[in-house]
Amino acid sequence: MVKTFACSFTATNLDARSGITSVVEELRSLGVPGPRVDEVQIALTEAVNNVVEHAYAGSAPGDVRIRGELHPERLWISIQDAGAPFQAGILPEGRPADVDVPIEDLPEGGFGWFLIRELASQVQYERTDGNNNLSLCFEIQVTGQSADA
Amino acid sequence: MSLTTTMTDGAQIVKVNAERIDAAMAIQFKEDMRTETESGPDRVILDLSEVQFIDSSGLGAIVAAMKQLGSGRKLDLAGLTPMVEKVFRLTRMDTIFDLYASLSDATAPADANS
């Protein structure tokens, strides 16, 4: 059995926070184990931060739409926005930040794509009809009531 | 954003009274840390025990807070919840800071025999 949920919000940092919090509560109520919910929350937050900071940069913040599909063994989360496409239509590689440097040269950002790629088992991207569609997959073992029930 | 400061022997303890250090508050956190730590002991301990969630913006803000202390001063982190610890470990920032499981671990004498 597949369970789905959805939410949408305006691409600002504060609206993103409440939207992400509602997704997290949904995942907990569907029986996704706590540590996995944490990992999904990290990757989802980084993806949404990118929409707020880059896709709608220089324009009025548009909508972010999130859909979730919970299968017995995996969770797909898709994030859609109508902002600017990724450069050359390609997702960033997400290399780990170099921390073996003097303190004053330590990175203060650029961790987002690394975290997404580290935590999601699959990442897919499509640009269709002026929308960015990013889908993240997570392997999940649902606890509590059986997903087949 | 609310930070609470306590002075102990040789260290300033700054407690973060927030559940999240995310993109909505990272800049404020960095500025508040600058104000709180403008002067004071060389060692600052950041008590993160209330923080349930941090993202890369929050992580960057903690790195910035360490850098703005300047040379000769040190930022240690205490009371990391499992989620916060995971973000530090994944990004290898756990190798940059001294991490303590709790505030009492962070303030315990370094050498019990001395």
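Predicted model: local features only at pLDDT ≥ 70, side-chain atom pairs only at ≥ 80, totals over all residues.
**First stop: the whole of chain A**

Select chain A and colour it by secondary structure. Three helices and five strands make up its elements, and from the N terminus on they follow the order β-α-α-β-β-α-β-β. The radius of gyration of chain A is 16 Å, close to the 15 Å that the globule rule gives for 149 residues, so chain A is as compact as a globular protein of that length. Along the principal axes, its C-alpha atoms fill a box of roughly 50 × 40 × 25 Å. Of the 149 residues, 32% count as buried. Among the contacts in chain A with a separation of 6 or more, 67% join residues 24 or more positions apart.

**Second stop: helix 3 of chain A**

Next, select residues 112-119 of chain A, which form helix 3. Which residues of this helix are buried? They are Gly112(A), Phe114(A), Leu115(A), Ile116(A) and Leu119(A). Now display the surroundings of these residues. The cover over them includes parts of both chains: from chain A, helix 2 (34-55), strand 4 (122-128) and strand 5 (131-139), and from chain B, helix 2 and helix 3.

The axes of the two helices come within 9 Å and cross at roughly 140°.

To see the contact itself, show the side chains. Helix 2 of chain A contributes Glu39(A), Ile42(A), Ala43(A), Glu46(A), Ala47(A), Asn49(A) and Asn50(A), and helix 3 of chain A contributes Gly112(A), Leu115(A), Ile116(A) and Leu119(A). The residues of this contact divide into six nonpolar, three polar and two charged.

Finally, bring chain B into view. How many residues of chain B are in contact with chain A? There are 23, and they touch 22 residues of chain A. Helix 2 (56-69) and helix 3 (82-90) of chain B each supply at least two residues of this side of chain B. Helix 2 of chain B gives the most, with eight residues. Coloured by type, the residues of the side of chain B that touches chain A comprise 12 nonpolar, five polar and six charged.

Definitions and conventions. Residues numbered from 1 in each chain as written. Chains lettered and ligands numbered in written order. Contact = placed C-beta atoms within 7 Å. Helix = DSSP H or I, 4+ residues; strand = E, 2+ residues; numbered from the N terminus. Nonpolar A, V, L, I, M, F, W, Y, C, P; charged D, E, K, R; others polar. Buried ≥ 20, exposed ≤ 12 C-beta atoms within 10 Å, placed from the backbone. Rg over C-alpha atoms; globule rule 2.2 N^0.38 Å. Axes fitted to C-alpha atoms, helices over the stretch in contact; angles between N-to-C directions.
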